[in-house]
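Visitor: Please show me how to read a few features of a protein model.

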Amino acid sequence: MRWRLSTRELLTARAAPRGGRGADTPDADDSEADAPDANDSEAAARGGGEALVDVAGRIVGVRRMGRTSFATLRDASGEIQLFLTDKVMGASAYSSALEVLDVGDLVSAGGQPFRTRSGEPSVRVERLRMAAKALRPLPDKWGGLQDPEARFRQRYLDILTNEDARRRFESRSAIVAALRAELDEHGFMEVETPTLQPVYGGGSATPFVTSYDALHRDYYLRIADELYLKRLLVAGYERVFEICKDFRNEGIDRTHCPEFTMLEAYQAFADLGGMRELVQALVAAAVTAVHGSTEATIGGRRVDFTPPWPRVAYREALLEHAGLDLETLGDAELAAAGRDRGLRVDAAWPRAKLLDTLMQHVVEPALTAPTLLERYPAETTPLAKRCEDDPRYVDRFEFFVDGMELGNAYTELNDPIDQRARLQAQASGREGSEAMPVDEDFLLALEHGMPPAGGLGLGVDRLVMVLTGAANIRDVILFPQLRDRS
RNA sequence: GGGCUGGUAGCUCAGUUGGCAGAGCAGCGGACUUUUAAUCCGAAGGCCGUGGGUUCGAGACCCACCCGGCCCA
């Protein structure tokens with residue numbers, strides 16, 4: 001590695017930096033820099049104003065003209081030009097400042113705001129201080145950082161140089177804030193439940209296992225927080241939610257990441273209808289936070305998130321998109337239909353898995369507009385209440401945008417006896433690796449009485465993908481994990 | 001796990017039929033008092049992902065492996 005400065009120069013550069021910017025440091029965007037003379041920009045342009053400004057940020061461009069130079073300074077609010085000249089700074093200060101100044105350096109500068117002949121908002125620098133010397137160069141100023149691997153491994157450079165990446169993570173923050181605000185408005189209380197759990201549950205997934213030394217036993221990183229949030233319904237909190245990381249020790253692909261962010265919300269004495277309203281309100285708030293309206297153009301396509309969204313029953317969807325009626329067809333016929341479509345399915349599979357495979361490959365890709373898929377066959381969903389009008393189905397919906405599942409909601413099962421039976425059936429189920437252990441502590445809580453409730457899970461990463469037009473879930477996760485470079 | 005595809009200078013990328021390793025930007029030296037991707041002159045900068053193989057000769061061809069990307073499972 002070739003450093004930018006000799007050791008001696010580096011020591012000089014290091015001698016200068018001190019502290020950060022003052023509390024009254026204006027942002028680098030144009031309006032702020034003009035602020036001292038906001039009412040008289042002509043005076044500012046003439047350099048007649050007395051007020052001095054201090055700015056601080058990263059140098060992203062330098063244009064050396066001899067005894068005068070220009071530098072572009074960027075901070076979180078925008079960019080402003082520094083005008084450096086030996087007339088103002090003094091010949092020796094000017095030349096020594098320019099000697100150590102590089103693109104990438106963090107500096108603070110003070111001087112008079114003005115506009116150049118071409119109208120560029122600038123600061124006529126009187127003092128320039130090195131705040132942090134960049135020993136390595138920034139990626140190419142036009143091309144930015146393109147190598148996808150480097151963009152993941154050095155995300156700070158990606159964000160620093162690629163505008164789309166920077167805006168995407170700002171949008172993510174705005175989305176999460178909007179979700180919180182909307183839940184707050186609906187009277188939900190945010191809680192924190194264990195990340196490390198002695199028994200994992202609330203879903204069907206392979207957990208990460210870790211050792212809890214102080215308790216002398218293995219623990220699991222949560223695959224869901226559902227069973228703890230339900231304990232809080234037993235406790236008497238009627239509207240609770242948590243936004244947290246869940247961990248599933250499974251594959252990585254375009255829409256799956258082992259460490260992902262989930263929003264779960266539970267509302268006592270609500271049913272699926274309540275969840276339907278809630279999820280539409282949440283997504284509408286998120287879309288509005290990013291796009292200013294519930295109708296948005298995402299990736300060149302117009303998507304309307306304005307509630308109410310279309311609702312389609314599971315059976316009807318399968319009929320419409322695959323011509324299959326799950327009420328009349330047996331496992332063998334479903335498997336055959338799957339094979340006809342090139343799917344690798346086996347009639348010996350559990351019916352739920354057959355149905356799920358068909359839905360995933362045939363129906364879900366067609367659900368591009370925001371859609372609520374409802375009335376799931378009971379065998380696919382062991383934790384939901386059955387529909388009152390037809391016990392073959394359960395009160396559940398998933399919702400889809402762009403063919404991608406964004407979330408899931410149930411009318412939650414609150415009968416402790418039924419729940420125990422279903423959990424035990426699941427625990428002794430044929431797919432041992434995916435079956436979850438029975439959480440006796442959770443069942444004990446249920447036996448004390450959990451109010452009937454609606455529950456909602458929303459994949460935050462995927463929502464951000466949809467709203468920011470990201471093709472891959474890693475594009476919305478700041479620091480995705482990669483294999484070691486060997 | 002399978003198919004396709006990529007890894008060359010700090011960054012973005014060329015590299016022809018197998019024949020001296022290239023450009024732009026960044027960096028370095030110099031000129032330049034209002035630039036906006038400043039301009040101009042000059043000199044540098046390489047484990048061509050790794051390891052084998054073929055060949056007089058490999059960045060290129062063959063094999064294996066490592067790290068990515070896309071698609072499929």
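The dialogue below takes up a pocket, a helix residue and some strand pairings.

Guide: This is a predicted model, in which local features need pLDDT of at least 70, side-chain atom pairs count only at pLDDT 80 or more, and totals for chains, interfaces and linings use all residues. Residues are numbered from 1 along each chain as its sequence is written, chains are lettered from A and ligands numbered from 1 in the order in which they are written, and side-chain values use heavy atoms, leaving out hydrogens and water.

Visitor: How much space lies in the second largest pocket?

Guide: Rolling a probe the size of a water molecule over the atoms shows where empty space is left. Here a pocket is an open set of points on a 1 Å grid over the protein atoms alone, where a 1.4 Å probe fits, with protein on both sides within 12 Å along at least five of seven lines. The second largest pocket holds about 430 Å³, a volume being the space filled by probe spheres set on the points, which are joined across faces, edges and corners. Its lining has 22 residues, and K245, C257, E259, I477 and F479 are the closest to the centre; lining residues have an atom within 4 Å of a point.

Visitor: Which element supplies the largest share of that lining?

Guide: Strand β10, with four residues. β10 (239-247), α8 (163-185) and β11 (259-268) each give at least two. Helices (H or I, at least four residues) and strands (E, at least two) are DSSP runs, numbered from the N terminus.

Visitor: Is V460 buried or exposed?

Guide: V460, in helix α16 (residues 460-468), is buried, because its relative accessible area is 0%; buried means under 20%, exposed over 50%, and partly exposed in between, with a 1.4 Å probe and protein chains only. Its contacts (heavy atoms within 4.5 Å) include R172, V176 and M262. V460 and M262 are 198 residues apart in sequence, yet their C-alpha atoms are 5.5 Å apart.

Visitor: In which sense do β8 and β9 pair?

Guide: Strands of a sheet pair through backbone hydrogen bonds, either parallel or antiparallel. Two strands count as paired if DSSP finds at least two bridges between them. Strand β8 (residues 209-212) runs antiparallel to β9, joined by four bridges, and Y212 has R217 as its bridge partner. The two strands form a hairpin with four residues between them, where H216 has a positive phi of about 55 degrees. By contrast, β3 (residues 78-85) and β5 (residues 121-132) pair in the parallel sense over three bridges, with L82 partnered by V123.

How values were computed
Lists of a residue's contacts leave out its neighbours within four places in sequence.
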